[in-house]
Amino acid sequence: MKLPSDIFIAGLAPGKVYYFESEQLSTNIPHYFICLTINADELVILACCTSQFEKRKRFIESRNLPHSTLVWISPNDENGFSRDTFVDCNSYFDYSKEELKRLYESDILSFTGEVSEDVLVQIYIGMKDSPLIEEAIKDRLPEIG
């Protein structure tokens, strides 16, 4: 059963995993995205997930980026992943709540699960460690420990 879109949007929260095709990616293949934060201006910051470990590892090593910027997520019943998944914390995706609402109403976006608090903290650390993430975005992420 599909929730009304207003209830779906009200349920957006850090750690929740969504599956959709993003116009911000250079592919039309849907990806999993993890909600990182929702700001007072209704901007939702997301991290994109991938199963392409070697490709992301080469990217990080070739640019001498911190190893903390590649976060591994083990699949489980809570997060909805079916295989080892990785977040490259050197990029992010931002959407307004209204954009996500339109994707949901068009049946392009769906909720698939939730990552643990530990995984979410690892992603925050990776993004804060990344020299490729703008300070303005880092400032929008929660403080760690």
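Arg56 forms a salt bridge with Asp88, and their closest N and O atoms are 2.7 Å apart. (A salt bridge here is a side-chain nitrogen of Lys or Arg within 4 Å of a carboxyl oxygen of Asp or Glu.) Arg56 sits in helix H2 (residues 53-62) and Asp88 in strand E5 (residues 85-88), so the pair ties together parts that are 32 residues apart in sequence. Helices (H or I, at least four residues) and strands (E, at least two) are DSSP runs, numbered from the N terminus. Both Arg56 and Asp88 are buried; buried means under 20% relative accessible area, exposed means over 50%, and partly exposed is in between (1.4 Å probe, protein chains only).

Keep in mind that this is a predicted model: local features need pLDDT of at least 70, side-chain atom pairs count only at pLDDT 80 or more, and totals for chains, interfaces and linings use all residues. Residues are numbered from 1 along each chain as its sequence is written, and side-chain values use heavy atoms, with hydrogens and water left out.

**Other salt bridges**

- By the cut-off above, the count comes to 6 salt bridges.
- Lys97 and Glu42 make one of them through their side chains, at 3.9 Å from N to O. This pair links distant parts of the chain, 55 residues apart: Lys97 is in helix H3 (residues 97-105), while Glu42 is in the loop between strand E2 (31-38) and strand E3 (43-50).
- Glu42 is partly exposed, at a relative accessible area of 42%.
- Glu143 and Lys128 also meet in a salt bridge, at 4.0 Å from N to O. Here, too, distant parts of the chain are linked, with Glu143 in the segment after H5 and Lys128 in helix H4 (residues 117-129), 15 residues apart.
- Glu143 is exposed, with a relative accessible area of 70%, whereas Lys128 is partly exposed at 25%.

**A buried lysine**

- Lys138 lies in helix H5 (residues 135-140), and at 10% relative accessibility it counts as buried.
- Setting aside neighbours within four places in sequence, Lys138 is in contact (heavy atoms within 4.5 Å) with Met127, Lys128, Ser130 and Ile133.

**Nonpolar cores**

- In soluble globular proteins, nonpolar side chains tend to be buried together.
- A nonpolar core, as used here, is a set of buried Ala, Val, Leu, Ile, Met, Phe, Trp, Tyr and Cys residues joined through side-chain atoms within 4.5 Å.
- The largest nonpolar core has 21 residues, and the ones touching the most other members are Ile34, Leu36, Ile73, Val87, Val115, Ile123 and Met127.
- E2, E3, strand E4 (70-73) and H4 each put at least two residues into this core, and H4 gives the largest share, 5 residues.
- Not counting residues up to four places away in sequence, Ile73 touches Ile34, Asn79, Phe81, Arg83, Asp84, Thr85, Val87, Val115 and Val119.
- There is also a second, separate core of 17 residues, with Tyr18, Phe20, Leu46 and Tyr104 among them.

**Cysteines**

- A disulfide is a covalent bond between the sulfur atoms of two cysteines.
- Taking a disulfide as a pair of cysteine sulfur atoms within 2.5 Å, the count comes to 0 disulfides.
- For Cys35, the closest cysteine sulfur is that of Cys49, and at 12 Å this is too far for a bond. Cys35 is buried, with a relative accessible area of 0%.
- Cys48 is in no disulfide either; the nearest cysteine sulfur, in Cys49, is 6.4 Å away. Cys48 counts as buried at 14% relative accessibility.

**Positive phi**

- Most residues other than glycine have a negative phi.
- Asn64 is not a glycine, yet has a positive phi of about 55 degrees. Asn64 is in the loop between H2 and E4 and is exposed, with a relative accessible area of 72%.
- Asp107, again not a glycine, has a positive phi of about 60 degrees. Asp107 lies in the loop between H3 and strand E7 (110-114) and counts as exposed at 60% relative accessibility.
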